[in-house]
Amino acid sequence: MLPGPVGLGLRASISYRAAVENTANDEWVDVGAAEALRERPLQQVTAGRLKLALSYQDGSFAAISGVCNHVGGPLGEGTLHGEYIACPWHGWKFHRQTGAGEPGYEADQVPTHEVKVEQGRVLVRRAPSTPRRKAPHAKHALERSLEREPGPPRVVGISTTNMNSELPRYSTSDALLDSALARARAAGHETRLLRLRDLSFRNCEGYYSKSAHACTWPCSITQMDAQDQMDQVYDALVFWADVVVVATPIRWGVASALYFKMAERLNCVQNQLTLRDRVMIRNKVASFIITGGQDNVQGVAGQALTFFSELGFSFPQFPYIAHSRGWSAEDMENNVRLVQHSTGLHEAARALMDRSLALSQHLLGSSESETVRAGRKASGAPAPAADE
Ligand code: FES
């Protein structure tokens, strides 16, 4: 007599009490009543560490491992595309009966399990009939070691203001960023300028919101989409640069939309700390240039400082410079003229660069400190368990 399933309901994952028939080498697991399981074309079922994607199509059940070959997504919570199960995390597809990857990716294969129906119950053989096979995938360029290339501090400026490149305008934040970068070059440092408006990159698609493990390094979008140019920002921030100067306008009291588009895509950098205790940003300096029409310099600075500190950046004393005309000023033409001709603001941008470089030199010359986790929220999210 086999026990009935526990917690069988409408949720994607079903918990149940594993029933054992025969000996360990020939073990069949009761995954529930056939009548109920026929109601859904695909579901994730678990028995202890065994996770299965159970599908029902054209009058027959099939079971493959519920753990995706990519980074362990729950295949049974995905969707059926014809005979293929698409992983809910990043869309890898596996045949519901053979476990083979979609055409062109057949060498990637998840284990299959025998299924039978007896006395109205669905039974799955615990031991897989076919093994898991992972095809070798070429490493992404961003998967390299975090070792710093030798040389004096390198500086990247990130412009986050948007504009029509066919109708360019004077940007106060860009102008001050130019002054800061020119100072670094004059002092013999290599610089790069990344204008987010010139990069074509997708918005974050919220893989983290499915599971911390679905937000990968390199970013899931970067891995999927060779055209996505956020890799230039990752490369500069994580590998190349020692000093990052972010320039943003103030838009309705907050940083620019492009700033936030970039920030959301940087979740994968911070998430490595959460998942693997892997500090991607070490001994690097961030500073900020904030200019705006009306107000809220401190609000923008507060957000930026919090966010970049979570990534692991250090800050020089007085880590931002800023300019705004105040609440009642709507005369942007005067604002532009003011910044263009202000020796004080451009000198402040150069001084910000001097402070940033001085801190960078100090950090690069000091011995590396270990990250102290106590008190931080990052505590190592458990990885998806491999199936048996
Ligand atoms: S596609 Fe399945 S975990 Fe990424």
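Analyst: Happy to! The largest nonpolar core has 87 residues, and those with the most contacts inside it are Ala63, Val124, Ala180, Val244, Val245 and Ile289. A nonpolar core here is a set of buried Ala, Val, Leu, Ile, Met, Phe, Trp, Tyr and Cys residues joined through C-beta atoms within 7 Å. At least three of the core's residues come from each of domain 1 (13–125) and domain 2 (141–365), with the bounds taken from an automatic or database domain assignment.

Before going further, please keep in mind that this is a predicted model: local features need pLDDT of at least 70, side-chain atom pairs count only at pLDDT 80 or more, and totals for chains, interfaces and linings use all residues. Residues are numbered from 1 along each chain as its sequence is written.

Let's start with alanine 180, which lies in helix α2 (residues 172–186). Helices (H or I, at least four residues) and strands (E, at least two) are DSSP runs, numbered from the N terminus. Alanine 180 counts as buried because it has 26 C-beta neighbours inside 10 Å; the cut-offs are 20 or more other C-beta atoms within 10 Å for buried, 12 or fewer for exposed, and partly exposed in between, with C-beta atoms placed from the backbone. Setting aside neighbours within four places in sequence, alanine 180 is in contact with Gly157, Val245, Ile289, Ala349, Arg350, Leu352 and Met353. Contact means that the two C-beta atoms, placed from the backbone, lie within 7 Å. The C-alpha atom of alanine 180 is also 7.7 Å from that of histidine 346, although 166 residues separate the two along the chain.

Now for valine 124, another of the core residues with the most contacts. Outside four places in sequence, valine 124 touches Trp28, Val29, Val31, Leu52, Ala63, His113 and Val115.

The strands come next. Strand β11 (residues 121–125) pairs with β10 in the antiparallel sense over 4 bridges, where pairing requires at least two DSSP bridges between two strands. Within this pair, lysine 116 stands opposite leucine 123 in β11. Both strands belong to an open sheet of 3 strands in the order β2-β11-β10, with antiparallel pairing. Its edge strands, each pairing on one side only, are β2 (28–33) and β10 (115–118).
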